[in-house]
Amino acid sequence: MKAAGLAPIVNAQVTRLAASLAKHGVQNVDVAFVLGSGLGVFADRIEKARVIPYTELEGMPMSSVPGHAGKLVLGEIRGVRVVAQQGRVHLYEGWSADDVTRCVRALARCGVARVVLTNAAGGLHKDWPPGTLMRIVDHVNMQGTTPLAANEAGALKPWDLELGSVIDGVAKRQKLALVRGVYAGLLGPSYETPAEVRMLAWVGADAVGMSTVAEALAARASGMKVAGISCITNFAAGITQDVPNHEEVIEVGKRAARSFSDLLEAATPELAQVL
Ligand code: HPA
């Protein structure tokens, strides 16, 4: 157990959720997944699945965004114990950085050592068509907030090289064109203007979304190893004439879900070996 200098109330909330998770059987889990918009179907790959609605978890914040179911799926993938968070809450819904990271922190308390964060994102490259999968190699935090306590500030390299290279290797074997890039996390809820997208390209971003960054920081600060995949569901504003919209994001996410799920399913046993 690592309290890591969290404010007492934040710590108490994490402790309460962790106890609730443990009571629901979240123990001896090797890999956790956080599933983004439209990507929830990966949970269908989980065998011996036990579904825990968020309503049964004490202190678990719940999303009202379409495409985000509110449940944890606990079980096995290829013999590896996993848990998938199907649906997450966002800062733009009014939740705090502590709220959006409570579940990953609680999972870390339950002994989960690895997490794969996934999301839908807008792509900043003309040659990354919707449906492209991008492994997150780093991020830019433009959300204006952080879940980190002062003494956690050392967590500057959240994205784990080893987990990343496992995912790259599996993609290569599957002949899946997985690109790599930097994820810019913005607050939302509106999509960006074309001028903002030009700024993001200039600061070195390859994809833009409204989640993931706080979770990556908190998970790493809690001692977890972190990997991430963005499903590029649309061209970011101004990259083409298309204007991003949430329906397209969900639709493309669903279409890409098969290759996304194949990749993560095959990677799971190797991810679980990374110490
Ligand atoms: N911008 C921000 N978030 C997103 C986008 C986008 O273009 N697509 C999916 N999530």
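Trainee: Where does K48 sit?
Mentor: K48 is part of strand 2. Helices (H or I, at least four residues) and strands (E, at least two) are DSSP runs, numbered from the N terminus. This is a predicted model: local features need pLDDT of at least 70, side-chain atom pairs count only at pLDDT 80 or more, and totals for chains, interfaces and linings use all residues. Residues are numbered from 1 along each chain as its sequence is written, and side-chain values use heavy atoms, with hydrogens and water left out.

Trainee: Is K48 buried or exposed?
Mentor: K48 is exposed, at 66% relative accessibility. Buried means under 20% relative accessible area, exposed means over 50%, and partly exposed is in between, using a 1.4 Å probe and protein chains only.

Trainee: What about the phi of K48?
Mentor: Phi is positive there, near 50°, and K48 is not a glycine. Most residues other than glycine have a negative phi. K175 is another non-glycine with a positive phi, about 55°. K175 lies in the loop between helix 3 and strand 7, and is exposed at 77%.

Trainee: Which peptide bond is cis?
Mentor: The one joining G188 and P189, with omega about 0°. P189 is in the loop between strand 7 and helix 4. Most peptide bonds are trans.

Trainee: New topic. How many residues does helix 1 have?
Mentor: Helix 1 has 16, residues 8–23. Its first and last C-alpha atoms are 22 Å apart, close to the 22 Å expected at 1.5 Å a residue. The expected span is 1.5 Å times one less than the number of residues.

Trainee: Which residues of helix 1 are buried?
Mentor: V10, V14, L17, A18, S20 and L21. Viewed down the axis of helix 1, the buried residues fall within an arc of 160°, so they line one face. The arc is taken from the directions from the helix axis to the C-beta atoms.

Trainee: Why would a pattern like that line up?
Mentor: An α-helix has 3.6 residues a turn, so residues three or four places apart point the same way.

Trainee: What covers the buried residues of helix 1?
Mentor: The cover includes strand 3 (71–77) and helix 2 (97–109). Facing away from the buried side are the exposed residues P8, I9 and K23. Just after helix 1, G25 has a positive phi of about 95°.

Trainee: And helix 3?
Mentor: Helix 3 (161–173) has 13 residues, which should span 18 Å, and its end C-alpha atoms are 18 Å apart. Its buried residues are L163, G164, V166, I167, D168, V170 and A171. Among the elements covering them are strand 5 (114–123) and helix 6 (246–271).

Trainee: How many salt bridges are there?
Mentor: The count is 14. A salt bridge is a side-chain nitrogen of Lys or Arg within 4 Å of a carboxyl oxygen of Asp or Glu.

Trainee: Which residue does E58 pair with?
Mentor: E58 pairs with R16, their closest N and O atoms being 3.5 Å apart. The pair links distant parts of the chain, 42 residues apart: R16 is in helix 1, and E58 is in the loop between strand 2 and strand 3. E58 is partly exposed at 35%, and R16 is partly exposed at 44%.

Trainee: What about D99 and R102?
Mentor: Their side chains form a salt bridge, 2.6 Å from N to O. They are three residues apart in helix 2, which means about one helical turn separates them. D99 is buried at 18%, and R102 is buried at 6%.

Trainee: What is P61 in contact with, beyond its neighbours within four places in sequence?
Mentor: Y54, V89, W95, D99 and R102. Contact means heavy atoms within 4.5 Å. P61 is in the loop between strand 2 (47–53) and strand 3, and is buried at 8%.
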